[in-house]
Amino acid sequence: MPDTLTIGVVEDDPSFLRALGRLLGAAGFRVATFASAEAFLASESVGAMSCLVLDVHLGGMSGFDLHQRLAAAGAPIPTIFITAHDDPITRERARSGVAYLRKPFREVALIGAIQQALATRGAYPSEPAP
């Protein structure tokens with residue numbers, strides 16, 4: 001995979017954020033982690049993200065609100081929504097993303113969803129998850 005691909009992870013649970021960062025790093029991705037949507041927006045790397053792994057329920061701005069804000073600004077990023085609070089409304093709203101994963105999810109499911117997200121952006125060849 002090209003080394004310029006960066007996966008952004010926005011998750012407000014510090015231990016889960018670290019775990020996702022380690023997992024994706026071990027899978028060969030460059031990873032940028034953020035503890036909130038606001039921290040992500042304040043970063044200088046927003047435009048460098050090839051894909052977002054985005055928690056739906058964050059402490060401040062929600063993952064859905066961040067996704068909508070990026071799209072409205074003309075900077076949509078292929079997004080994988082993750083949540084521990086699954087319900088029909090959340091599933092319906094998550095349809096605007098590439099994938100929707102309920103915590104806890106299998107590592108292979110996340111890697112496959114990222115590959116799918118990168119393929120929609122034309123940044124990664126479409127292939128099955130390992």
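Before starting, one cut-off: a residue is called buried when its relative accessible area is under 20%, and exposed when it is over 50%. Keep in mind that this is a predicted model.

**Exercise 1. Decide whether Phe-64 and Phe-81 are buried or exposed, then work out what their pairing ties together.**

Step 1: Start with Phe-64. Its relative accessibility is 6%, so Phe-64 counts as buried.

Step 2: Do likewise for Phe-81, which comes out at 0% and therefore counts as buried.

Step 3: Now look at the two rings. Phe-64 and Phe-81 make a tilted aromatic pair, with 4.9 Å centre to centre and 55 degrees between the planes.

Step 4: Phe-64 sits in helix α3 and Phe-81 in strand β4, so the pair ties together parts 17 residues apart in sequence.

**Exercise 2. Classify the pair formed by Phe-34 and Phe-40.**

Step 1: A search of the whole structure turns up three aromatic pairs, and the rings of Phe-34 and Phe-40 have their centres 5.1 Å apart.

Step 2: Check the angle. Planes over 60 degrees apart count as edge-to-face; the planes here are at 85 degrees, so this pair is edge-to-face.

**Exercise 3. Explain why β3 is described as largely enclosed, and follow the chain onward to β4.**

Step 1: Recall that side chains in a regular strand alternate between the two faces of the sheet.

Step 2: Go through both faces of β3. Cys-51, Val-53 and Asp-55 are buried on one side, as are Leu-52 and Leu-54 on the other.

Step 3: Draw the conclusion: five of the five residues of β3 are buried, so β3 is largely enclosed by the rest of the structure.

Step 4: Move to the neighbour. β3 and β4 pair in parallel over four bridges, and Val-53 has Ile-80 as its bridge partner in β4. The chain gets from β3 to β4 through α3, in a right-handed β-α-β crossover.

Conventions
Residues are numbered from 1 along each chain as its sequence is written. This is a predicted model: local features need pLDDT of at least 70, side-chain atom pairs count only at pLDDT 80 or more; totals for chains, interfaces and linings use all residues. Side-chain values use heavy atoms; hydrogens and water are left out. Rings of Phe, Tyr and Trp (its six-membered ring) pair if their centres lie within 6.5 Å; planes under 30 degrees apart count as stacked, over 60 as edge-to-face and the rest as tilted. Helices (H or I, at least four residues) and strands (E, at least two) are DSSP runs, numbered from the N terminus. Buried means under 20% relative accessible area, exposed over 50%, partly exposed in between (1.4 Å probe, protein chains only). Two strands pair if DSSP finds at least two bridges between them. A crossover is right-handed if, with the strands pointing away from the viewer, the path from the first strand over the helix to the second runs clockwise.
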